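Please consult the sequence and the structure shown here while reading.

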Amino acid sequence: MIKEMKADKLNIKLCESRSELGAVAAADTVAAIKKLLAEKDEINMIFAAAPSQNEFLETLKNDKSIDFSRINAFHMDEYIGLSADAPQGFGNFLRDRLFGQVPFKSVNYLDCSAEDPEAECARYSKLLEENPTDIVCMGIGENGHIAFNDPPVADFNDPKLVKVVQLDLVCRQQQVNDGCFEKLDDVPTHALSLTVPALMRPKYVFCMVPAATKAQAVHDTIYNTEINEKCPATILRTHDAATLYIEPDSAKLVK
């Protein structure tokens, strides 16, 4: 049984397990995809790359009712300085789990090995401007970040769509906690990230957040008195069609 609640405008669904979270979030996403494709020829979607998204991505990939040939795919952040074939690369993560598994109309990658990161930000920003996003599928970091908008660099009024960011210590340690890197020194210090405004512009936002390591971030997202960059994910409470999916571990501080 799914329990539902709201925090300001944010819809919240408490699922009974991590697998149910993935299934429920995927079902809601598919419904939004079909609604949008009934209204226009193609749509644009942004996806997050993290272990927290595994169940959701697996369910979405296997849904034969989706016409992926009418969807342009993007991802929301990427490390700077990794080799193009590094398994930790977010583009590679998504290629293995979704982008390379279904016939998208187009897949648009951020380049982790770009010699000029600022030029790469400009290139990707232009793509986003030319292909306005309809749906974002995302998570929340242990420090409340969305994409790589950690509290020190998040800006709810950012004039940019994509920018170079320095990753804070909590964010970098999370990559070790998630098993993506062996030790902290292996985690890059900088990344390319879509900004908060870029993530909030789409019509629909689906946010999947399992695991006990996210419990404090989930609590802060829902209950912080102020909506501000100290917990970037609080911005979800202002979106007209955002849904947060949690399960018993990530919801253990939810009343």
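## Basis of the description

A crossing of two helices is called left-handed if the near helix is turned anticlockwise from the far one by less than a right angle, and right-handed if it is turned clockwise. Helices (H or I, at least four residues) and strands (E, at least two) are DSSP runs, numbered from the N terminus.

The model is predicted: local features need pLDDT of at least 70, side-chain atom pairs count only at pLDDT 80 or more, and totals for chains, interfaces and linings use all residues. Residues are numbered from 1 along each chain as its sequence is written, and side-chain values use heavy atoms, with hydrogens and water left out.

## Packing of H1 against H2

Two packed helices are described by the angle between their axes and the distance between the axes. Here axes are lines fitted to C-alpha atoms, for helices over the stretch in contact, and angles run from 0 to 180 degrees between N-to-C directions. Helix H1 (residues 18–37) and helix H2 (residues 54–61) have axes that come within 8 Å and cross at roughly 50 degrees. H1 is therefore oblique to H2; angles under 35 degrees count as roughly parallel, over 145 as roughly antiparallel, 65 to 115 as roughly perpendicular and the rest as oblique. The crossing of H1 and H2 is right-handed.

Contact means heavy atoms within 4.5 Å. On the H1 side, Arg18, Ser19, Gly22, Ala23, Ala25, Ala26, Thr29 and Val30 meet Glu55, Phe56, Thr59 and Leu60 of H2. By class, this contact of H1 with H2 comprises 6 nonpolar, 4 polar and 2 charged residues. In this scheme Ala, Val, Leu, Ile, Met, Phe, Trp, Tyr, Cys and Pro count as nonpolar, Asp, Glu, Lys and Arg as charged, and the others, Gly among them, as polar.

## Packing of H2 against H3

H2 also packs with H3, at an angle of about 40 degrees and with the axes 9 Å apart. H2 is thus oblique to H3. Asn54, Leu57, Leu60 and Lys61 of H2 and Phe93, Leu94, Arg97 and Leu98 of H3 make the contact. The residues of the contact of H2 with H3 divide into 5 nonpolar, 1 polar and 2 charged.

## Nonpolar cores

A nonpolar core is a set of buried Ala, Val, Leu, Ile, Met, Phe, Trp, Tyr and Cys residues joined through side-chain atoms within 4.5 Å. Buried means under 20% relative accessible area, exposed over 50%, and partly exposed in between (1.4 Å probe, protein chains only). The largest nonpolar core has 46 residues, of which Phe47, Phe56, Phe104 and Ile135 touch the most other members. Elements that give two or more residues to this core are H1, strand E3 (43–47), H2, strand E4 (71–75), helix H3 (90–99), strand E7 (135–138), helix H5 (169–177) and strand E10 (204–208). H1 gives the most, with 9 residues.

Not counting residues up to four places away in sequence, Phe56 touches Gly22, Ala25, Ala26, Thr29, Phe47, Cys137 and Met208. A second, separate core of 42 residues includes Phe74, Ala147, Ala217 and Ala251.

## Selected buried residues

Val24 lies in helix H1 and counts as buried at 12% relative accessibility. Residues up to four places away in sequence aside, Val24 touches Ile2, Lys13, Cys15 and Tyr245. Cys207, in strand E10, is buried at 1% relative accessibility. With the same exclusion of residues up to four places away in sequence, Cys207 touches Met138, Gly139, Ile140, Leu236, Thr243, Leu244 and Tyr245. The C-alpha atoms of Cys207 and Ile246 are separated by 8.8 Å, although these residues are 39 residues apart along the chain.

Thr234 is located in the loop between H7 and strand E11 (242–246) and is buried, with a relative accessible area of 0%. Beyond its neighbours within four places in sequence, Thr234 is in contact with Phe156, Asp220, Thr221, Asn224, Glu226, Ile227 and Asn228. The C-alpha atoms of Thr234 and Ala7, 227 residues apart along the chain, are separated by 9.5 Å.

Most residues other than glycine have a negative phi, and most peptide bonds are trans. Asp8, which is not a glycine, has a positive phi of about 55 degrees and is found in the loop between strand E1 (3–7) and strand E2 (10–14). Ala211, also not a glycine, has a positive phi of about 95 degrees; its place is in the loop between E10 and helix H7 (215–223).
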